[in-house]
Amino acid sequence: FFKQKTAYDIRLSLVGSEMCIRDSFGTDDTRDGHHRPSAVHEFRLLVVLETFRVGAQAERVETVIAGDGAVAPVRETSAQALGAALLPLSPAAVASVVSCSLTLLSRPEWEVRHSALLGLKYILAAKSELAVDLLPAALPAATKALVDSDDDVRGAAAESLLPAAEYLPTHPQFNELLSSLWGLLNELDDLSPSAVPVMKLIAKLYALESTRQKSSIELSEVVPRLWPFAAHPIGSVRLAVWQTVCRLLAVEPNSSTQLWVQEACAPAMRHAFQDALLDTDTASAEAACEAWTALLRTVPIAIIEATFTVHGGKWCDLATTVVNSCGEGTHIFVSTPPSVKGEIRAVAKDWPATTAGRIRGLDCLARLAAELGAQNRTGSVGRMEQHIVTMLTGAKATARLAGAHFLTAWLRVVPPLSLIHI
């Protein structure tokens with residue numbers, strides 16, 4: 001392949017790349033010629049990243065159907081090889097390769113910009129010990145790529161920063177990065193390949209305590225942008241939503257007094273119960289259960305009680321859905337971003353009920369009932385008991401079965417001294 005390339009096939013932006021990489025080695029490094037062939041290999045890999053675009057459009061169509069972002073096998077493999085080839089190189093040589101890669105972001109072809117970010121991802125993964133030194137050049141370039149006109153490029157920009165996520169809060173432009181990530185959530189729709197890496201990066205960043213310390217983002221403004229993605233068609237996106245919610249509730253000081261926590265209670269509980277009950281992805285459903293528990297532990301009981309008063313009946317009705325049937329459409333909660341231009345589907349309406357999902361959902365209701373009882377909310381406890389009686393005396397066997405499990409789960413989690421009041 002390389003022998004067939006002529007000088008005219010090599011883009012002007014990379015004409016000096018081999019020389020730059022070679023010259024970045026010190027005299028001692030190159031005296032024995034040990035590293036010189038490596039410089040040539042990196043140059044050739046950079047050429048592949050820039051010039052190989054055969055079948056890119058077909059790959060893009062296939063990828064959109066798969067839903068996980070642009071997958072270009074040749075460029076992906078070349079980027080992996082580039083990262084591996086950098087392992088024995090000096091920091092100066094690695095920095096030169098990064099500089100050459102970032103020059104590709106100025107190219108008009110989306111495939112080239114996408115390739116540059118693939119290369120950056122594997123460089124940061126392979127040379128993680130140099131992340132702090134590489135981020136001053138890499139982070140501003142990746143942040144700028146988050147507002148690229150091509151959605152695949154935006155997704156690659158978010159993905160390129162995942163290997164270095166733990167170092168990002170130390171960078172002066174960290175808040176600009178966070179602002180760009182949250183801003184993207186207002187624009188992404190169900191067909192946006194960048195939804196997966198963007199949500200993964202947000203979840204990974206908010207798993208860091210340093211993010212809370214460095215962030216200047218007002219959570220009450222941005223947290224509502226998560227809810228449309230709680231019913232996203234891709235399970236990993238839904239999982240990232242609940243991971244982010246759990247981390248926000250865990251690391252935020254005095255969470256119960258925070259405005260965003262109180263405002264988020266109703267939509268968070270509605271989506272969490274719905275996902276725990278109906279989500280077809282087990283990992284995402286279990287994460288929704290964890291978020292439900294975190295909400296019960298964090299949100300003031302008066303707000304939880306008000307949410308239950310309004311929506312508790314619908315939750316109990318959903319829990320009685322027959323296996324392999326979809327939930328009642330009027331009971332399914334859908335959140336739509338105000339500025340999205342694409343399609344947002346209520347995929348939760350298409351999720352079939354399962355026995356495992358029903359058990360998860362009823363366990364969530366049992367924990368809610370136990371918390372209401374522990375806080376002496378007798379009126380709400382009485383309404384919960386009435387819901388159980390309605391289920392146990394219902395015409396459908398599924399409803400009676402659900403009521404029996406609900407009561408059993410409640411008795412299992414309620415403190416022993418409280419049993420006399422039930």
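Leaving aside neighbours within four places in sequence, Leu368 is in contact with Met269, Trp292, Leu296, Ile304, Phe308, Trp315 and Met384; contact means heavy atoms within 4.5 Å. The model is predicted, so local features need pLDDT of at least 70 and side-chain atom pairs count only at pLDDT 80 or more, while totals for chains, interfaces and linings use all residues. Residues are numbered from 1 along each chain as its sequence is written, and side-chain values use heavy atoms, with hydrogens and water left out.

**The chain and its core**

The protein chain has 20 helices and zero strands. These elements are DSSP runs numbered from the N terminus (helices: H or I, at least four residues; strands: E, at least two). Of the 422 residues in the protein chain, 53% are buried. Buried means under 20% relative accessible area, exposed means over 50%, and partly exposed lies in between (1.4 Å probe, protein chains only). Among contacts between residues at least 6 apart in sequence, 75% join residues at least 24 apart.

In the largest nonpolar core, which has 119 residues, Trp242 and Leu368 touch the most other members. Helix α15 gives this core its largest share, eleven residues. A nonpolar core is a set of buried Ala, Val, Leu, Ile, Met, Phe, Trp, Tyr and Cys residues joined through side-chain atoms within 4.5 Å. In soluble globular proteins, nonpolar side chains tend to be buried together.

**Helix pairs**

Axes are lines fitted to C-alpha atoms, for helices over the stretch in contact, and angles run from 0 to 180 degrees between N-to-C directions.

| Pair | Angle | Axes |
|---|---|---|
| α15 (residues 259-278) and α17 (residues 301-318) | about 20° | 10 Å apart |
| α7 (residues 110-126) and α9 (residues 151-160) | roughly 10° | within 8 Å |
| α15 and α16 (residues 282-298) | about 145° | 9 Å apart |

The angle between α15 and α17 is about 20°, which means that α15 is roughly parallel to α17. Angles under 35 degrees count as roughly parallel, over 145 as roughly antiparallel, 65 to 115 as roughly perpendicular and the rest as oblique. The crossing of α15 and α17 is right-handed. The residues of this contact divide into nine nonpolar, three polar and one charged. Here Ala, Val, Leu, Ile, Met, Phe, Trp, Tyr, Cys and Pro count as nonpolar, Asp, Glu, Lys and Arg as charged, and the others, Gly among them, as polar.

Helix α15 passes α16 in a left-handed crossing. A crossing is left-handed if the near helix is turned anticlockwise from the far one by less than a right angle, and right-handed if clockwise. On the α15 side, the residues that meet α16 include Ala268, Met269 and Phe273. By class, the contact of α15 with α16 has twelve nonpolar, one polar and one charged residues.

Helices α7 and α9 are also roughly parallel to each other. Their contact has seven nonpolar, two polar and four charged residues.

**Two single residues**

Ile303 lies in helix α17 and counts as partly exposed, at 24% relative accessibility. Not counting residues up to four places away in sequence, Ile303 touches Gln262 and Cys265. The C-alpha atoms of Ile303 and Cys265 are separated by 7.3 Å, although the two residues are 38 residues apart along the chain.

Ala195 is in helix α11 (residues 195-206) and is buried, with a relative accessible area of 1%. Apart from residues up to four places away in sequence, Ala195 touches Leu188, Phe229, His232 and Val237.
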